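Visitor: I have a structure open and want to learn how to read its packing. Where do we start?

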Amino acid sequence: MQKKFYKNLDVTIDVTTNRSYTLYVIKKVTTKEINIMSLFSKLFNKNLKEETNMTQIEKALELINTFATGDTKNAEALLAKGYIQHNLAYGTGREAFVGSVAYLASAPVKTTVKNIRAFEDGDKVFLHTVYNFAGAGEQVAFDIFRFDSEGKIAEHWDNLATKAEPNPSGRTQIDNVSEVTDLDKTEENRQIVKDFLYDVMQGNNAQKTPEYFDGDVYIQHNTGIADGLSGLGAALEALAKANIQMIYTTVHQVLAQGNYVLAVSEGTFGGAPTSYYDLWRVENGKIAEHWDVMETIQDKSTWKNTNGKF
């Protein structure tokens with residue numbers, strides 16, 4: 001065993017055999033240096049450790065909250081480098097998202113974010129949230145985030161609409177929050193909604209409509225429709241009299257967790273290309289409650305990215 005000392009270094013050479021050598025280098029540090037290293041560790045490793053331990057829902061909520069906090073570094077850390085944006089009013093890519101966070105942070109009026117509901121389905125999280133971007137007015141939104149294999153947010157879809165007054169039954173676009181139940185019935189409930197979309201919303205078997213409801217029990221949060229299957233019928237009749245058609249042509253996604261199912265569909269409303277986001281609560285095999293956000297799809301000439309709405 002040979003031991004040599006150098007300035008600030010304790011070098012030990014342990015000769016175990018003629019052919020095997022092990023070298024240990026240990027830096028002597030002062031208490032002050034240890035404290036400094038500890039501080040740097042807390043500053044730079046905290047977010048990494050927290051991000052590693054966070055659930056997908058927590059990461060998605062953390063990301064949308066950067067609109068309010070202005071934390072561009074956190075946004076960048078949560079997003080995949082090749083982040084795909086389907087909100088057609090914004091550019092695609094991580095840098096574009098981070099730029100939006102920085103822009104909102106510089107605005108004279110602070111952005112507010114209030115999440116109402118959060119769900120998870122495989123590699124996707126879907127959120128129901130109220131935003132007020134830089135004081136422009138409250139908007140109700142559904143967001144969908146897809147996560148990649150490394151736990152980064154890789155893709156985003158959404159629908160937004162202006163927050164409105166209560167509907168004819170006194171309900172709002174966001175109220176009546178309840179916990180997720182029936183996790184063991186997730187796939188069953190997803191299929192119920194898929195069938196409902198095909199039979200009723202796409203008009204393939206309209207006569208089956210009553211089969212999807214428990215009598216007239218149907219809690220409605222659409223801004224212009226009253227409760228009950230009767231309320232839905234009255235609203236559709238009023239649209240028909242006004243020569244306005246609500247058409248669902250394509251169902252793009254049906255996400256589910258327990259008794260909640262979100263469908264993303266494409267169609268037209270009054271002839272205008274429209275994106276439909278419908279959230280249904282299913283109870284005992286019947287559709288019991290509904291929230292939605294409809295958004296007119298803007299002309300392609302105005303799009304800020306080429307990824308498409310869906």
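Guide: With a definition. A nonpolar core is a set of buried Ala, Val, Leu, Ile, Met, Phe, Trp, Tyr and Cys residues joined through side-chain atoms within 4.5 Å. Buried means under 20% relative accessible area; exposed is over 50%, partly exposed in between (1.4 Å probe, protein chains only). This is a predicted model: local features need pLDDT of at least 70, side-chain atom pairs count only at pLDDT 80 or more, and totals for chains, interfaces and linings use all residues. Residues are numbered from 1 along each chain as its sequence is written, and side-chain values use heavy atoms, without hydrogens or water.

Visitor: How many residues are in the largest nonpolar core?

Guide: It holds 24 residues. Leu63, Phe67, Phe97, Tyr131, Phe145 and Ile153 have the most contacts inside it. Among the elements that each supply at least two residues are α2 (56-69), α4 (94-106) and β7 (138-147). Helices (H or I, at least four residues) and strands (E, at least two) are DSSP runs, numbered from the N terminus. The largest share, 6 residues, comes from α2. A second, separate core has 22 residues, including Met201, Leu229, Val261 and Tyr276.

Visitor: What does Leu63 touch?

Guide: Contact means heavy atoms within 4.5 Å. Beyond its neighbours within four places in sequence, Leu63 is in contact with Ala75, Leu78, Leu79, Phe97, Phe145 and Ile153.

Visitor: How do I read a helix pair?

Guide: Two packed helices are described by the angle and the distance between their axes. Axes are lines fitted to C-alpha atoms, for helices over the stretch in contact; angles run from 0 to 180 degrees between N-to-C directions. Here the α2 and α4 axes come within 7 Å and cross at roughly 40 degrees. From α2, Leu63, Thr66 and Phe67 meet Phe97, Val101 and Leu104 of α4.

Visitor: And aromatic pairs?

Guide: Rings of Phe, Tyr and Trp (its six-membered ring) pair if their centres lie within 6.5 Å; planes under 30 degrees apart count as stacked, over 60 as edge-to-face and the rest as tilted. The whole structure has 14 aromatic pairs. Phe196 and Phe213 are edge-to-face, at 5.7 Å centre to centre and 80 degrees between the planes. Phe196 lies in helix α5 (residues 186-201) and Phe213 in the loop between α5 and β9 (219-220), so the pair ties together parts 17 residues apart in sequence.

Visitor: Is Phe196 buried or exposed?

Guide: Phe196 counts as buried, because its relative accessibility is 1%.

Visitor: Which geometry do Tyr248 and Tyr276 have?

Guide: Their ring centres are 4.1 Å apart and their planes at 15 degrees, so the pair is stacked. Tyr248 and Tyr276 are both buried.
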